[in-house]
Amino acid sequence: MTAPHAPARDPRPTRRRGRPAVVAAALASVLLVTLASVSAAPARAAGQPGPGRPVPAACPSALAEKATCYTGQDTNGAHYTMAVPHRWNGSLVVHAHGGPDLGDASDPARSTEDLERWAVMVDQGYAWAASSYRRGGYGARMAAADTENVRRLFTDRFGRPEHTYLHGQSWGGNVAAKAAETYGRRAGAYDGVLLTNGVLGGGSRGYDYRVDLRVVYQYYCHNHPRPTEPQYPLWQGLRPGSTMTTAGLRARLQECTGYASAPADRTRPQQRNLDDILAVTGIPERTLESHLRFATFTFRDIVTDRLGGRNPWSNRGVRYTGSHDDEALNAGVERFSADPSARRDLSWDSDLTGKVSLPVLTLHAIDDPTAFVEHEAAYRATLRGAGRDGNLVQTFTAEHEHSSLSDSEYANSLAALDTWVRTGRRPSPRSIAASCAAFDATYGTGCFYDPGFRPGPYASRVRPRPGGLAWPAMTAAQERAWSRIEGVGIAP
């Protein structure tokens, strides 16, 4: 990567706010006081960046001639990356990354890699800021707080943007939606939200299909754990202290199902195991391994490292269907009930109340094999249950991937959100689809919108637990009540 050009000017745009100078000065004073008490940007020695302040860094190659990039680490330990285009339009995108990545420390490469992946947003003239979060592992509120902190660090360094937009993809969609609910009502914080291929069902219900995969897999395969190995309840994902690796897990999955082999090379028992697992869980064959990996290693992180060994999941009352012998499956599959305090803590950390006061635009691949498109139905039901679905516009595309969508669509979605915020006119899925061609003329990555698509209810794809049909999964009243419990949630 080449070093970025030094900016020819202060990258803060001239803003036409129409505010009297006295009011602007007063707001600046309030902002500085707030930043001094909350942001990770202490005072600097003469000419030197203080702890937490961004310092110039190399941009990804796609942006080397177009932006000045910065990196830093805030006082909570979270690494972050920022980019300011040479032709800045005055607005900022604050990005929340997916995962969660596992590990004890913040990964300095993660936010830089995401800048490269979403370089189209900077190419469109938006400044960009993203946190790698202060540690790996689960914690939606922690990640939302780190995302808010990088916004404040950007504002402290470059001034208040004209508009600020949250963007989250995958688990980052959950994080960005949580940040919008938690910080979105603060004046001058955020103006709109873009959620792409988001995990929007929340933690207490959004992983139920992986709970089902874990128990159904073990019923057929009997090798995770093997009968000769120490036994543990499957809701743990993996026993504490296990040395199993992802390669070891893949080997067991291959042993049982032959998933990595051509169908002609699988044994008859392997093919039947694979057919039954896929039919019962509804998980696509191409992402079976990644879902089982989550239901192993990330479940262990959630249960062992974040919830002190308590179980937040249940499959009581679930009837599994689609196998060659449903009666035997339901009689033999492992059953368990959630610890109420663990479920409450996971819910408080990651479930959404729907009380968002900002315009929210979502973009989701209909054939997303990781965050099923029915997550969007859960999110709409959540906002409807909170009386806020008028703030939501959802769009869907005939794409088949989870980790990335068309650059033309990302640019188009951001422009549609920006126009909605600036004009107050709510777009329609059809108008958004129609505007994509102008961006595809630049990026040539395709426009695949299906403006007539509506996903089925979440329960049409993921078997609901008793009492699990009403949304939101956590009401605003529950959130307020639980907030008064000492130690509630997942520790940062």
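Colleague: Happy to look at this with you! Is Asn412 buried or exposed?
Modeller: Do keep in mind that this is a predicted model. Asn412 has a relative accessible area of 1%. The cut-off for a buried residue is under 20%, so Asn412 counts as buried.

Colleague: And which side chain makes a polar contact with Asn412?
Modeller: Asn412 sits in helix α13, residues 407–423. Beyond its neighbours within four places in sequence, its contacts are Ile432, Ser435, Cys436, Phe439 and Tyr449. The polar contact, at 3.1 Å, is between the side chains of Asn412 and Tyr449.

Colleague: Nice. Which residues have the most contacts inside the largest nonpolar core?
Modeller: In soluble globular proteins, nonpolar side chains tend to be buried together. Here the largest nonpolar core has 90 residues, and a second, separate core of 33 residues includes Ala67, Val93, Ala416 and Ile432. Inside the largest core, the residues with the most contacts are Met82, Phe154, Trp313 and Tyr379.

Colleague: Which helices do the buried residues of α11 pack against?
Modeller: Helix α11 covers residues 340–350. Its buried residues are Ala342, Asp345, Leu346, Ser347, Trp348, Asp349 and Ser350. They pack against α4, α5, α9 and α15.

Colleague: Let's turn to the second largest pocket. Which element gives the largest share of its lining?
Modeller: This pocket has a volume of about 470 Å³, and of its 22 lining residues the closest to the centre are Arg210, Ser290, Arg293, Phe294 and Thr370. The lining divides into eight nonpolar, ten polar and four charged residues. The largest share, six residues, comes from α9.

Colleague: Good to know! Which residue does a cis peptide bond join to Gly99?
Modeller: Most residues other than glycine have a negative phi, and most peptide bonds are trans. The bond from Trp471 to Pro472 is cis, with omega near 5°, and Pro472 is in the loop between α14 and α15. For Gly99, omega is about 0° and the cis partner is Pro100.

Colleague: Where is Tyr133, and what is its phi?
Modeller: Tyr133 lies in the loop between β5 and α4. At 2% relative accessibility, Tyr133 is buried. Although Tyr133 is not a glycine, its phi is positive, about 70°.

Colleague: One last thing, what is the phi of His222?
Modeller: His222 is in the loop between α6 and α7. With a relative accessible area of 47%, His222 is partly exposed. His222 is a residue other than glycine with a positive phi, near 55°.

Technical notes. Residues are numbered from 1 along each chain as its sequence is written. This is a predicted model: local features need pLDDT of at least 70, side-chain atom pairs count only at pLDDT 80 or more; totals for chains, interfaces and linings use all residues. Side-chain values use heavy atoms; hydrogens and water are left out. A nonpolar core is a set of buried Ala, Val, Leu, Ile, Met, Phe, Trp, Tyr and Cys residues joined through side-chain atoms within 4.5 Å. Buried means under 20% relative accessible area, exposed over 50%, partly exposed in between (1.4 Å probe, protein chains only). Helices (H or I, at least four residues) and strands (E, at least two) are DSSP runs, numbered from the N terminus. Contact means heavy atoms within 4.5 Å. A polar contact is a pair of N or O atoms within 3.5 Å; within protein, one must be able to donate a hydrogen and the other to accept it, and residues adjacent in sequence count only if both atoms are side-chain atoms. On a 1 Å grid over the protein atoms alone, a cavity is a set of points where a 1.4 Å probe fits but cannot get out, and a pocket is an open set with protein on both sides within 12 Å along at least five of seven lines; lining residues have an atom within 4 Å of a point. Grid points are joined across faces, edges and corners, and a volume is the space filled by probe spheres set on the points. Ala, Val, Leu, Ile, Met, Phe, Trp, Tyr, Cys and Pro count as nonpolar, Asp, Glu, Lys and Arg as charged, and the others, Gly among them, as polar.
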